[in-house]
Amino acid sequence: MRTIALRMAAVATAAFCLAAAEPADSPVNVPEPPGLYTGPQRGYTPSTLKGARVVDGKAVADLMEAPDKPVLIDVAMRERKPANFPEGRPWLPVHPSIPGSIWLPNAGAVPLAPEREALFYERVAQLTGGDKAKPIVVFCHVECWGSWNAGKRLVEKGYTAVHWFPLGVEGWQDFHETRNITEDAAWKAAAPAER
(Lines give C-alpha, C1' and ligand atoms only; values in the text may rest on other atoms or scores of the structure.)
Protein backbone atom coordinates (compact mmCIF):
# COMPACT_ATOMS: atom_id res chain seq x y z
CA MET A 1 0.00 0.00 0.00
CA ARG A 2 2.85 2.34 0.87
CA THR A 3 4.50 1.62 -2.53
CA ILE A 4 1.31 2.61 -4.37
CA ALA A 5 1.04 5.82 -2.34
CA LEU A 6 4.68 6.68 -3.09
CA ARG A 7 4.18 6.04 -6.82
CA MET A 8 1.05 8.19 -6.87
CA ALA A 9 2.92 10.98 -5.07
CA ALA A 10 5.78 10.74 -7.58
CA VAL A 11 3.36 10.88 -10.52
CA ALA A 12 1.56 13.89 -9.03
CA THR A 13 4.86 15.67 -8.39
CA ALA A 14 6.04 15.01 -11.96
CA ALA A 15 2.74 16.26 -13.40
CA PHE A 16 2.95 19.41 -11.28
CA CYS A 17 6.54 20.07 -12.38
CA LEU A 18 5.66 19.58 -16.04
CA ALA A 19 2.66 21.90 -15.78
CA ALA A 20 4.73 24.52 -13.99
CA ALA A 21 7.50 24.25 -16.58
CA GLU A 22 5.16 24.68 -19.56
CA PRO A 23 5.73 28.11 -21.06
CA ALA A 24 2.84 30.54 -21.19
CA ASP A 25 3.08 30.58 -24.99
CA SER A 26 2.83 26.82 -25.47
CA PRO A 27 2.35 25.57 -29.04
CA VAL A 28 -1.39 25.07 -28.64
CA ASN A 29 -1.94 28.68 -27.61
CA VAL A 30 0.09 30.58 -30.21
CA PRO A 31 -2.28 32.66 -32.35
CA GLU A 32 -1.66 33.27 -36.03
CA PRO A 33 -0.31 36.76 -36.65
CA PRO A 34 -2.32 38.82 -39.16
CA GLY A 35 0.63 38.92 -41.56
CA LEU A 36 4.09 37.42 -41.71
CA TYR A 37 5.79 36.73 -38.39
CA THR A 38 8.62 39.19 -37.78
CA GLY A 39 10.18 37.69 -34.65
CA PRO A 40 12.92 35.08 -34.36
CA GLN A 41 12.58 32.17 -36.79
CA ARG A 42 12.96 29.58 -34.03
CA GLY A 43 10.17 29.32 -31.48
CA TYR A 44 6.67 28.04 -30.84
CA THR A 45 4.41 28.37 -33.87
CA PRO A 46 0.63 28.33 -34.30
CA SER A 47 -1.11 25.02 -34.91
CA THR A 48 -2.80 26.53 -37.98
CA LEU A 49 -1.98 28.41 -41.17
CA LYS A 50 -5.08 29.97 -42.68
CA GLY A 51 -5.45 29.03 -46.34
CA ALA A 52 -3.09 26.06 -46.02
CA ARG A 53 -3.46 22.53 -44.77
CA VAL A 54 -1.33 21.55 -41.75
CA VAL A 55 0.09 18.05 -42.27
CA ASP A 56 2.07 15.43 -40.39
CA GLY A 57 4.74 13.05 -41.69
CA LYS A 58 2.23 10.42 -42.78
CA ALA A 59 0.29 12.95 -44.83
CA VAL A 60 3.52 14.14 -46.48
CA ALA A 61 4.42 10.52 -47.32
CA ASP A 62 0.91 9.99 -48.73
CA LEU A 63 1.23 13.13 -50.87
CA MET A 64 4.56 11.87 -52.19
CA GLU A 65 2.87 8.63 -53.29
CA ALA A 66 -0.03 10.41 -55.00
CA PRO A 67 -0.18 10.74 -58.81
CA ASP A 68 0.21 14.54 -58.57
CA LYS A 69 3.47 14.63 -56.60
CA PRO A 70 3.95 17.72 -54.43
CA VAL A 71 6.75 20.22 -54.70
CA LEU A 72 8.70 19.88 -51.44
CA ILE A 73 10.25 23.18 -50.34
CA ASP A 74 12.75 23.19 -47.49
CA VAL A 75 13.42 26.71 -46.19
CA ALA A 76 15.78 25.81 -43.32
CA MET A 77 18.64 28.20 -42.77
CA ARG A 78 22.19 27.17 -43.66
CA GLU A 79 24.41 25.88 -40.88
CA ARG A 80 26.81 28.55 -39.71
CA LYS A 81 30.47 27.76 -39.25
CA PRO A 82 31.19 27.88 -35.49
CA ALA A 83 33.33 30.84 -34.46
CA ASN A 84 35.80 28.51 -32.72
CA PHE A 85 36.10 26.14 -35.70
CA PRO A 86 39.79 25.18 -36.11
CA GLU A 87 41.65 27.19 -38.75
CA GLY A 88 42.64 25.20 -41.81
CA ARG A 89 40.11 22.39 -41.30
CA PRO A 90 37.54 21.94 -44.05
CA TRP A 91 34.01 23.07 -43.18
CA LEU A 92 31.74 20.47 -44.78
CA PRO A 93 28.24 20.83 -43.36
CA VAL A 94 25.52 18.52 -44.62
CA HIS A 95 21.83 19.27 -44.93
CA PRO A 96 19.58 16.25 -44.35
CA SER A 97 16.09 16.73 -45.74
CA ILE A 98 13.09 14.94 -47.19
CA PRO A 99 14.22 13.17 -50.39
CA GLY A 100 13.33 15.15 -53.49
CA SER A 101 13.12 18.49 -51.68
CA ILE A 102 14.24 21.80 -53.10
CA TRP A 103 16.30 23.71 -50.54
CA LEU A 104 15.77 27.48 -50.55
CA PRO A 105 17.63 28.47 -47.37
CA ASN A 106 16.04 31.25 -45.36
CA ALA A 107 13.20 31.84 -47.83
CA GLY A 108 10.90 32.25 -44.83
CA ALA A 109 12.87 35.12 -43.35
CA VAL A 110 11.24 38.43 -42.53
CA PRO A 111 12.27 40.81 -43.81
CA LEU A 112 13.26 39.19 -47.07
CA ALA A 113 14.93 41.48 -49.59
CA PRO A 114 12.52 42.30 -52.46
CA GLU A 115 14.76 40.60 -55.04
CA ARG A 116 14.94 37.45 -52.87
CA GLU A 117 11.17 37.43 -52.42
CA ALA A 118 10.72 37.84 -56.18
CA LEU A 119 13.15 34.95 -56.77
CA PHE A 120 11.23 32.81 -54.26
CA TYR A 121 8.00 33.34 -56.20
CA GLU A 122 9.80 32.80 -59.51
CA ARG A 123 11.35 29.51 -58.34
CA VAL A 124 8.02 28.25 -56.97
CA ALA A 125 6.31 29.16 -60.26
CA GLN A 126 9.00 27.24 -62.15
CA LEU A 127 8.77 24.24 -59.82
CA THR A 128 4.98 24.09 -60.09
CA GLY A 129 4.93 24.71 -63.83
CA GLY A 130 2.87 27.84 -63.13
CA ASP A 131 0.06 25.74 -61.64
CA LYS A 132 -1.17 27.47 -58.50
CA ALA A 133 -3.25 24.37 -57.64
CA LYS A 134 -0.16 22.10 -57.62
CA PRO A 135 0.42 20.58 -54.15
CA ILE A 136 3.28 22.26 -52.30
CA VAL A 137 4.73 21.17 -48.96
CA VAL A 138 6.75 23.78 -47.05
CA PHE A 139 8.88 22.87 -44.05
CA CYS A 140 12.14 23.47 -42.22
CA HIS A 141 12.69 22.35 -38.63
CA VAL A 142 10.31 21.78 -35.78
CA GLU A 143 9.23 25.08 -34.16
CA CYS A 144 10.33 27.10 -37.17
CA TRP A 145 8.52 30.27 -38.19
CA GLY A 146 10.43 30.26 -41.47
CA SER A 147 8.27 27.51 -42.93
CA TRP A 148 5.11 29.14 -41.57
CA ASN A 149 6.10 32.43 -43.27
CA ALA A 150 6.97 30.67 -46.56
CA GLY A 151 3.57 28.97 -46.53
CA LYS A 152 1.86 32.27 -45.71
CA ARG A 153 3.64 33.96 -48.62
CA LEU A 154 2.41 31.26 -51.00
CA VAL A 155 -1.17 31.42 -49.73
CA GLU A 156 -1.15 35.21 -50.13
CA LYS A 157 0.21 34.77 -53.68
CA GLY A 158 -2.82 32.63 -54.58
CA TYR A 159 -1.48 29.07 -54.25
CA THR A 160 -4.41 26.87 -53.27
CA ALA A 161 -2.76 23.56 -52.32
CA VAL A 162 -0.18 24.69 -49.77
CA HIS A 163 0.64 22.12 -47.10
CA TRP A 164 2.58 23.25 -44.04
CA PHE A 165 4.60 20.52 -42.31
CA PRO A 166 5.43 22.13 -38.93
CA LEU A 167 7.33 19.09 -37.59
CA GLY A 168 9.87 19.56 -40.37
CA VAL A 169 12.81 17.32 -41.07
CA GLU A 170 12.86 16.10 -37.46
CA GLY A 171 9.26 14.94 -37.77
CA TRP A 172 10.11 13.22 -41.05
CA GLN A 173 13.13 11.46 -39.52
CA ASP A 174 10.94 9.86 -36.87
CA PHE A 175 9.59 7.41 -39.46
CA HIS A 176 11.43 7.96 -42.74
CA GLU A 177 14.90 8.24 -44.20
CA THR A 178 16.40 11.59 -45.08
CA ARG A 179 18.83 12.42 -47.84
CA ASN A 180 21.56 15.06 -47.85
CA ILE A 181 20.63 17.73 -50.36
CA THR A 182 22.35 20.80 -51.71
CA GLU A 183 21.05 24.32 -52.01
CA ASP A 184 18.94 25.11 -55.07
CA ALA A 185 21.41 26.32 -57.72
CA ALA A 186 19.37 29.36 -58.83
CA TRP A 187 18.77 30.41 -55.21
CA LYS A 188 22.46 30.03 -54.36
CA ALA A 189 23.70 31.82 -57.48
CA ALA A 190 21.57 34.87 -56.70
CA ALA A 191 22.84 35.22 -53.13
CA PRO A 192 26.59 35.94 -53.21
CA ALA A 193 26.27 38.58 -50.48
CA GLU A 194 24.78 36.05 -48.05
CA ARG A 195 27.84 33.78 -48.10
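Followed along the sequence, the pattern reads α-β-α-β-β-β-α-β-α-β-α-β-α. What you have open is a predicted model, in which local features need pLDDT of at least 70 and side-chain atom pairs count only at pLDDT 80 or more, while totals for chains, interfaces and linings use all residues. Residues are numbered from 1 along each chain as its sequence is written, and side-chain values use heavy atoms, with hydrogens and water left out.

Of the 195 residues, 38% count as buried, meaning under 20% relative accessible area, with exposed set at over 50% and partly exposed in between (1.4 Å probe, protein chains only).

**Stop 1: the cores**

Select Ile73, Phe120, Val124, Ile136, Val138 and Leu154. Of the 27 residues in the largest nonpolar core, these touch the most other members. A nonpolar core here is a set of buried Ala, Val, Leu, Ile, Met, Phe, Trp, Tyr and Cys residues joined through side-chain atoms within 4.5 Å. At least two residues of this core come from each of strand E2 (71–74), helix H3 (114–127), strand E5 (136–139), helix H4 (145–156) and strand E6 (162–164). In soluble globular proteins, nonpolar side chains tend to be buried together.

Centre on Val138 next. Setting aside residues up to four places away in sequence, Val138 touches Ile73, Ser147, Ala150, Gly151, Leu154, Val162, His163, Trp164 and Phe165; a contact is heavy atoms within 4.5 Å.

**Stop 2: helix H2**

Ala61 and Leu63 also belong to the buried residues of helix H2 (residues 57–65), along with Gly57, Ala59 and Val60. Show E1, E2, E5, E6 and helix H5 (168–173) too, as they are among what covers those buried residues. At the start of H2, look for a side-chain oxygen of Asp56 that reaches to within 3.3 Å of the backbone nitrogen of Lys58.

**Stop 3: aromatic rings**

How many aromatic pairs does a search of the whole structure find? There are four, counting rings of Phe, Tyr and Trp (its six-membered ring) with centres within 6.5 Å; planes under 30 degrees apart are stacked, over 60 edge-to-face and the rest tilted. Select Tyr37 and Trp145: this pair is stacked, at 3.8 Å centre to centre with 20° between the planes. Tyr37 sits in the loop between helix H1 (2–21) and strand E1 (53–54), and Trp145 in helix H4, 108 residues apart. Tyr37 counts as partly exposed at 24% relative accessibility, whereas Trp145 is buried at 3%.

Ring pairs link Tyr37, Trp145 and Trp148 into a cluster.

**Stop 4: charges over rings**

Arg116 lies over the face of Trp187, 3.7 Å from the ring centre. Lys157 has its charged end over the ring of Tyr121, 4.5 Å from the centre. The criterion is NZ of Lys or CZ of Arg within 6 Å of the ring centre and within 35 degrees of the ring normal.

**Stop 5: loops**

Go to Ser101, in the loop between strand E3 (96–97) and strand E4 (102–103). Is Ser101 buried or exposed? Ser101 is buried, with a relative accessible area of 9%. Its side chain reaches the backbone oxygen of Ile98 at 2.7 Å. That is a polar contact: a pair of N or O atoms within 3.5 Å; within protein, one must be able to donate a hydrogen and the other to accept it, and residues adjacent in sequence count only if both atoms are side-chain atoms.

Finally, in the loop between E4 and H3, find Pro111. The peptide bond from Val110 to Pro111 is cis, with omega near 0°. Asn106 is found in the loop between E4 and H3, and its phi is near 65°, a positive value in a residue other than glycine.

Note on methods:
Helices (H or I, at least four residues) and strands (E, at least two) are DSSP runs, numbered from the N terminus.
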